[in-house]
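Here is a short note to read alongside the model, written for someone meeting it for the first time. Keep the picture open as you go through the points.

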Amino acid sequence: PKIRTIRASTHPLGTGDFTTIQAWEDYVDDKINPFQWAECYQGFDLGTFTLSGWSSTPTSSGYPRIYAASGEVHQGNLYKGPTIAPPLDGTETNTISVSYTKVEGLGSTRGFNLDINSASNIEIDKCWSFHKDGTCFKAKSEVSTTASSGNVIKNCLAIGTRTGHDVGFELGGDNMIGGKPGIECYNCTSYGHINTGFKVTNTNLPGFYGGADVDLKNCISMACSGIDFSYANTNGNGVISTSNNLSSDSSADDMSVMLGVSL
């Protein structure tokens, strides 16, 4: 892979190849080789980003990757590691519309949106999100039919803000007709949401069979004042599969005690 660093001048190692993720994306999106990696460092705002319109065609063996540099992984400490940290009251999100993209080890005061209307095989791992009045992690179809599969959200933490919409994980959507499974979400925790911890929908169009499944397993919704787990599945086509999920009304000052998170 072609690795480029995302690092500010204030870092002990000095300025990287780019100082925001979006500047890196703007530079690499027209490259012939899809094997483009962004190595991110801590200590400053990485900036929200949108991955879209790539000229190359990523695959499982050549793909975009945005990840925490070795030695700067947060390891469950929300005050450590590379962070996307614009002012809390903004509305933008981190949107991924390129297939096979991997995002690993980042924290964000914005949500992560897996654009499954446009892409498949997106993976988010070991990330945390605190998105005021919005959804922390979203992989939901928004068009008449969506054929997307192989998308994974794992080992992630959604932190509630107790305002407005405030959803931890929103998965599935209407009219998914992709492969199986469409979306997997496992080893994730939703903490302190006023609306919904995990909101899963799979309402295929009548007449479509073998729709994309949504798998939710080994997850916990903790200290949520709203609904911990919300499921909607109609027409009997796509399947919502759940296992080893837990609701808890307990509070915790130390995020590390929450079951199901391996940050």
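1. What share of the 263 residues in the chain is buried? Buried residues make up 54% of them, where buried means under 20% relative accessible area, exposed over 50%, and partly exposed in between (1.4 Å probe, protein chains only).

2. A word on where the values come from. This is a predicted model, in which local features need pLDDT of at least 70 and side-chain atom pairs count only at pLDDT 80 or more, while totals for chains, interfaces and linings use all residues. Residues are numbered from 1 along each chain as its sequence is written, and side-chain values use heavy atoms, with hydrogens and water left out.

3. Now the overall make-up. You will find one helix and 23 strands in the chain; helices (H or I, at least four residues) and strands (E, at least two) are DSSP runs, numbered from the N terminus. Among contacts (heavy atoms within 4.5 Å) between residues at least 6 apart in sequence, 73% join residues at least 24 apart.

4. Do look at helix α1, residues 21–28, where Ile21, Trp24, Glu25 and Val28 are buried. They lie on the same side of α1, because they cover an arc of only 100° around the axis, taken from the directions from the helix axis to the C-beta atoms. An α-helix has 3.6 residues a turn, so residues three or four places apart point the same way. The cover over the buried residues of α1 includes β1 (2–6), β2 (36–40), β3 (50–51), β4 (65–68) and β5 (83–84).

5. Next, the charged pairs. The count is eight salt bridges, each a side-chain nitrogen of Lys or Arg within 4 Å of a carboxyl oxygen of Asp or Glu. One of them joins Glu92 and Arg110 (3.4 Å, N to O). Glu92 lies in the loop between β5 and β6 (94–96) and Arg110 in the loop between β8 (107–108) and β9 (112–114), so the pair ties together parts 18 residues apart in sequence. Glu92 is partly exposed at 34% relative accessible area, whereas Arg110 is buried at 1%.

6. Asp125 and Lys126 also meet in a salt bridge (3.3 Å, N to O). Here Asp125 is buried, with 8% relative accessibility, and Lys126 is partly exposed, with 30%.

7. Finally, Lys217 forms a salt bridge with Glu184, their closest N and O atoms being 3.8 Å apart. This pair links distant parts of the chain, with Lys217 in strand β19 (residues 214–217) and Glu184 in strand β16 (residues 183–186), 33 residues apart. Elsewhere, salt bridges that share partners join Lys102, Glu123 and Lys154 into one network.
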